[in-house]
Amino acid sequence: MSSKQSVVQVNPIFQPTQTLLEEQYIVHRLWEAQDKASFLTGVAGEVTGVVTDGGSGASADLLRQLPKVGAVTVFGVGVDAVDLDYCKAKGIRVGNTPDVLTDDVADLAIALALGSFRQLSFAHNYTCAGRWVNDGAAPLTRKFSGSHVGIFGLGRIGAAIAKRAEGFDCQISYCNRNQRSDVSYQYFSDLKTMAEAVDCLIIGVAPTPDMRGVVDAEVLSALGPNGHLVNISRGWVVNEADLVNALVQKQLGGAGLDVFEDEPNVPEALFSLPNVVLQPHVASGTVETRTAMGNLMLENLENFYQGKELTAFVA
Ligand code: 8YV
C-alpha cells in the first residue's frame, strides 16, 4: 500500500504546483470526472484532503461526500467558496495563501484605476485600429494623480493599495467595519457616504457573505458620472446589473474590473465601453506570485499531514 496521502483536487492549478502536488500525493482530479458523484464515492474511503482554488472552493455538498477529509487547502486568499460553517462544525482545517499575493493584487488595482481614468484599453484599441492616423488625436481622459481614492476594506490588500495610491499623491479614505487606530486616512463607517466623497472607489474587501451586492445602484450613483470603480475582490460584491446599467447610462465615470459575478462570463454590454478596463481575474496571476501561492498551499497541506498548525489558515 502506498504511503502517500490521497487528496481530491477540485480544479487544475498553476502547473509547477500541480507537478509538485502529484509527486507528493495521490491526486484525484475531480474536474476530469464525468460523473462526479460516483467518482467521489469511489475515492471517499481514502481521501483525507481537498485541494482547490479561490473560485471553486469546497461546498458542504462536496465535503459531505468525503467524510475522511481533515483539511481543505486553497490556492488563493479568498475562502468565500469554501463552506466554512461546515468545516468548523466538522473540525476540517482550511488553509489559504494570504500575504504572498498582496503586492500583485494591489498593483493590479492601481493599474485598473489608471486604466479606467486614462481609458487605456480604448486608447490601445484606438492606436491599433489606425484611428490615430485616420481620426487624429484620441479624446482626453481624466487625471488619477491627486484624486481622492476611497478603499472599501482596508485589510492587507486594501492597505497595500493605499500605500501605492499615496505614491500618486492621492487623498485616501477608507470604509471598514471598524476604524483603524494605526492609519491616519479618513474613515467612513458608511460606504455610500464615502462613495459620495471620492473620485475612485476601490473594492478590496474580504468577500464575506454579508458583502453580496453591497455596491449597488445607490452607491454607484453616489460615486457619480465622474467617479470610477475598481474591483479586485469578488464580482458579487457589486450588483453587476446595476453596474452595467450605470456605465451604459453614463451615470458612472468608468470602471476597472478584474472580477465578475458569473466568471468566466462577463456582460457583453461592457465590451464596447471606452471607459472600462476588463481583466479575466488575473490580479494574482504572475509567475512569481503563483509560485509563492503554490508553495504556501503545499506547505499548508504538508503541515496538516504532519499534525502541525497550518502556516496560513482561516479555520
Ligand atoms: C485566484 C483569488 O484567482 O486569491 C484569491 O482569492 O481569487 C485568486 O488569487 C485563484 O484562487 C487562483 O486560481
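Trainee: Into which domains is the protein divided?
Mentor: This is a predicted model, where local features need pLDDT of at least 70, side-chain atom pairs count only at pLDDT 80 or more, and totals for chains, interfaces and linings use all residues. Residues are numbered from 1 along each chain as its sequence is written, and side-chain values use heavy atoms, with hydrogens and water left out. The bounds come from an automatic or database domain assignment. They give domain 1 (6-100 + 288-305) and domain 2 (102-278).

Trainee: How many residues of domain 2 are in contact with domain 1?
Mentor: Contact means heavy atoms within 4.5 Å. On the side of domain 1, seven residues take part, and on the side of domain 2, six.

Trainee: What area is buried between domain 1 and domain 2?
Mentor: Buried area is the accessible area (1.4 Å probe) that two parts lose on being put together, summed over both. Carbon and sulfur atoms give 40% of the total, which is about 580 Å².

Trainee: Which residues in domain 1 lose the most area to domain 2?
Mentor: Together they make up 66% of what that side buries. They are Asp 80, Asp 99 and Thr 289.

Trainee: Which residue meets Asp 80 in a salt bridge?
Mentor: Good one! A salt bridge is a side-chain nitrogen of Lys or Arg within 4 Å of a carboxyl oxygen of Asp or Glu, and the rule finds two across this interface. For Asp 80, the N to O distance is 3.1 Å, and the partner is Arg 234.
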